[in-house]
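Here's a quick briefing to read alongside the model.

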Amino acid sequence: MSVQVENLEKNMAKLTVTVSADKLEKAIQAAYERQKGRIRLPGFRVGKVPRKMLEKAYGVEIFYEDAANALINQEYPDAMEESGLDIVSRPNIDIEQIESGKEFIFTAEVAVRPEVKLGEYKGVAVTKIDTGVTDEEVDAEIENTRNMQSRTVEVTDRPIQEGDTAVIDFEGFVDGVPFEGGKGENHPLEIGSHSFIDTFEEQLVGKNAEDEVDVNVTFPEQYHAEELAGKPAVFKVKIHEIRAKELPELDDEFASLVSEFETLAEYKEDLKKKLAERKEETAKRTKEEEAVQKIVEKSEMEIPEPMIDMQCENMARDFEARLMQQGLSMEQYMQFSGMTMEKLLEQMRPDAEKRIKNSLVLEEIVKAENIEASEDDVEAELAKMAENYGMDADKLKEQMGESERESIKKELSLQKAVEFVMEHAEEQEKSDSEEA
């Protein structure tokens, strides 16, 4: 195998890979062996048709595609290494020559890691953030906890109010005709959740159990079901039941129920400390993001489009994994949201580019400052991961390959680069224009 490298514009390159005729012949023969049991020819038993007879009957190209795919999968990794390029995208493959008895030639167009002209990264100004906790914030947190501890009771002596849950049957009509997906029975609808279209929920406020109501709404112009977009609709609604939240009393008993403390005063004091810690952590992340973004803005780099494409695909896979943890498939999400994979990837694109730039800049700082994560750092991170996964640390290490370990080491180095930047950053008060 031989590899020729041609540098293209915008951090792209083309590899021209030439594979010997002998290897091509072996690949064609292997393709024949894989496929012969599935190809029929009159006068021969299945799997016993000679290769030459099949090539004569169906054309000499019959096994080329299978052979080419096998050869590309086999040879491209070596070609990638031999090229000496730092490739950051999947290859765009074109077959230049495939013919029995001749060399097999294919090209692979790839993105290469862009060079970064690093901007000033010491003395970056970051905005000072107030991490003080007010009594109002403590009270709001307590109200959230009270809501989580609430119980639902049936209401029979008053109409629907904001915050209630109405149990309803409904059916939607456009121009007097029911439409698909517009019907439900015994549906619990929280009033004020805005989970239903337009002013649907507001029109139930003041109504009583057993009422039958016509709810008039208009679908948004950008509604995912095109046949309904922008159209007025009437929902026939039957109210079966009204349910309301009953919050626990705010007293010492409540405090002992939701915390380790016996009194409400102790609980509030502890909650204030925890909110302060949470604010400190949020402020730390916010300032880190601000500092890195400012360095990116002062740096110069040209990101190749295929590099962004691959980052988007990786982010989409991560998103799908999170959906699966919630018991949803990507197909179900697409159906519920009216999203398409093309739209999802397009929405992810700005964030993907931002992540790439942040990572490239931090990698340059790692090199410039000779930053390296130690083996002790890696061991500590593995111990933390094992604890999070509920696994034995030694078992986790056994399951982890060298490449995964190196990936962890790299991530730790990037985080050390962030810490270096923040050690040299300068806090400043928010300007009047920013406050406005």
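Let's start with strand S9 (residues 212–218): Val213, Val215 and Val217 sit on its covered face, while Glu212, Asp214, Asn216 and Thr218 make up the uncovered one. In a regular strand, side chains alternate between the two faces of the sheet. Before going further, keep in mind that this is a predicted model, where local features need pLDDT of at least 70, side-chain atom pairs count only at pLDDT 80 or more, and totals for chains, interfaces and linings use all residues. Residues are numbered from 1 along each chain as its sequence is written, and side-chain values use heavy atoms, with hydrogens and water left out.

**S9 and its partner**
- S9 pairs with strand S10 (residues 232–246) in the antiparallel sense, over seven bridges; two strands pair if DSSP finds at least two bridges between them.
- Within this pairing, Val215 stands opposite Phe235 in S10.

**The chain as a whole**
- The chain has 13 helices and eleven strands; these are DSSP runs numbered from the N terminus, with helices (H or I) of at least four residues and strands (E) of at least two.
- Its radius of gyration is 32 Å, whereas a compact globule of 436 residues would come in near 22 Å (taken over C-alpha atoms; the globule rule is 2.2 Å times the number of residues to the power 0.38).
- Along the principal axes, the C-alpha atoms fill a box of roughly 90 × 65 × 50 Å.
- Of the 436 residues, 35% count as buried (buried means under 20% relative accessible area, exposed over 50%, partly exposed in between, with a 1.4 Å probe and protein chains only).
- Take the contacts between residues at least 6 apart in sequence: 68% of them join residues at least 24 apart (contact means heavy atoms within 4.5 Å).

- Four strands form an open sheet in the order S1-S2-S4-S3, with antiparallel pairing.
- Strand S1 (2–7) and strand S3 (92–97) are at the edges with a single partner strand each, so one side of each has no neighbour in the sheet.
- From one strand to the next, the twist averages 20°.
- S1 and strand S2 (residues 12–19) pair in the antiparallel sense over six bridges, and Val3 stands opposite Val17 in S2.
- H3 packs on this sheet and touches S1, S2, S3 and strand S4 (104–111), its direction making about 55° with that of S4. Axes are lines fitted to C-alpha atoms, for helices over the stretch in contact, and angles run from 0 to 180 degrees between N-to-C directions.
- Asn69 is in helix H3 (residues 64–83) and counts as partly exposed, at 41% relative accessibility.
- Asn69 and Ile95 are 26 residues apart in sequence and 10.0 Å apart in space, C-alpha to C-alpha.

**H9 against H12**
- Helix H9 (residues 341–368) packs against helix H12 (residues 402–423) at about 80°, with the axes 9 Å apart.
- That makes H9 roughly perpendicular to H12 (65 to 115 degrees; under 35 is roughly parallel, over 145 roughly antiparallel, and the rest oblique).
- On the H9 side, the contact residues are Ser359, Leu362, Glu363, Ile365 and Val366; they meet Lys410, Ser413, Leu414, Ala417, Val418, Phe420 and Val421 in H12.

**Thr145 in H4**
- Thr145 lies in helix H4 (residues 135–148) and counts as buried, at 13% relative accessibility.
- Setting aside neighbours within four places in sequence, Thr145 is in contact with Phe254, Val258 and Tyr267.
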